[in-house]
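Colleague: Hello! Could you show me how to read buried residues and ring pairs?

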Amino acid sequence: MAEQQIDYEQAETLGISHEAYDEVLDIIGRIPTIDELSTLLAMWESNGKQQSLYGWLRGQKHTVERDEYLYSGTADHRSIREPKVKECLAIAKQLCNNSSFITHHSSLSTGLLLYLVGNVSSEFADSEYARRCLHLVDEAMATGGHEEDCQYIEMILGALEANGLLQGPHSVTHGGLFCSLLRFLSPTQAPPNQAIKQSSNQAIGFDILSPREVRLDAFLFGEEAGRYLVAVDEKDDDQFLLKMDEARLNCCFLGRTTKNRVVVDGYDFGPVNSYIK
């Protein structure tokens with residue numbers, strides 16, 4: 001007799017969140033059985049909690065240290081309701097409004113792997129997001145970071161770039177990961193406050209997944225210093241991760257470059273051109 005398949009309500013009674021259930025559903029492609037759910041979640045519990053369940057099930061490599069990856073925000077963070085993915089769309093629009101997008105990276109293409117080198121942000125108290133959307137601070141904090149740490153990371157990434165293992169690096173600064181990704185991937189240079197005109201076939205977008213262990217707004221809009229974005233060709237992925245491990249640098253797989261669209265956790269944030277103004 002076929003084993004019973006588990007629906008949303010039954011999964012919830014077993015203590016499985018809707019998010020985790022959806023991720024398993026995406027991987028299996030149908031309603032899972034109790035054995036499939038329990039086996040996958042048990043394996044992830046013991047081996048993959050440094051990243052999202054979805055990312056782990058897809059076999060995405062991840063080298064970040066657990067204690068530097070889990071949410072460690074302040075009580076002030078917890079008193080602010082965490083926005084849902086679709087609510088972050090309005091935040092992203094507000095942060096990108098009147099921003100200048102100047103970059104020297106004009107050779108990026110679709111299908112590249114995107115990595116964040118450095119710690120995943122669990123803080124947002126001193127960011128533009130906190131100032132402009134939450135009105136917590138008067139001015140955004142400068143994102144210079146610890147100079148020696150930044151110099152070391154830049155030295156390692158610069159050497160890997162010279163050897164053709166990556167494209168970048170691009171530092172995460174004002175507007176956090178989201179706005180920095182747009183600046184990194186924008187193929188056109190322009191003076192500050194000047195509109196950038198791009199056709200849809202020129203714009204490079206991104207499709208990324210957020211970790212479940214940190215707040216979504218901290219992950220997308222936090223401005224913790226000493227973090228860099230890089231793009232890696234899939235053929236160089238293993239070698240890049242090996243070098244990150246040898247250099248003892250944390251890195252987090254984000255997703256891939258795409259054509260013109262911005263997607264976060266499967267939610268379509270719209271075309272790149274709607275942010276670059």
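Modeller: Gladly! Serine 180 is found in helix 9, residues 176-185 (helices are DSSP runs of H or I, at least four residues, numbered from the N terminus). This is a predicted model, where local features need pLDDT of at least 70 and side-chain atom pairs pLDDT 80 or more, while totals for chains, interfaces and linings use all residues. Residues are numbered from 1 along each chain as its sequence is written, and side-chain values use heavy atoms, leaving out hydrogens and water.

Colleague: Is serine 180 buried or exposed?

Modeller: Serine 180 is buried, with a relative accessible area of 0% (buried means under 20%, exposed over 50%, partly exposed in between, with a 1.4 Å probe and protein chains only).

Colleague: How is a pair of aromatic rings described?

Modeller: By the distance of the centres and the angle of the planes. Rings of Phe, Tyr and Trp (its six-membered ring) pair if their centres lie within 6.5 Å; planes under 30 degrees apart are stacked, over 60 edge-to-face, and the rest tilted. The count here comes to nine aromatic pairs. In one of them, the rings of tyrosine 129 and phenylalanine 221 have centres 5.5 Å apart and planes at 35 degrees, so the pair is tilted. Both tyrosine 129 and phenylalanine 221 are buried.

Colleague: Why is the pair of phenylalanine 178 and tyrosine 275 edge-to-face?

Modeller: Because the planes of phenylalanine 178 and tyrosine 275 are at 65 degrees, with the ring centres 5.4 Å apart. This pair links distant parts of the chain, 97 residues apart. Phenylalanine 178 is buried at 0% relative accessible area, and tyrosine 275 is buried at 1%.

Conventions
Helix = DSSP H or I, 4+ residues; strand = E, 2+ residues; numbered from the N terminus.
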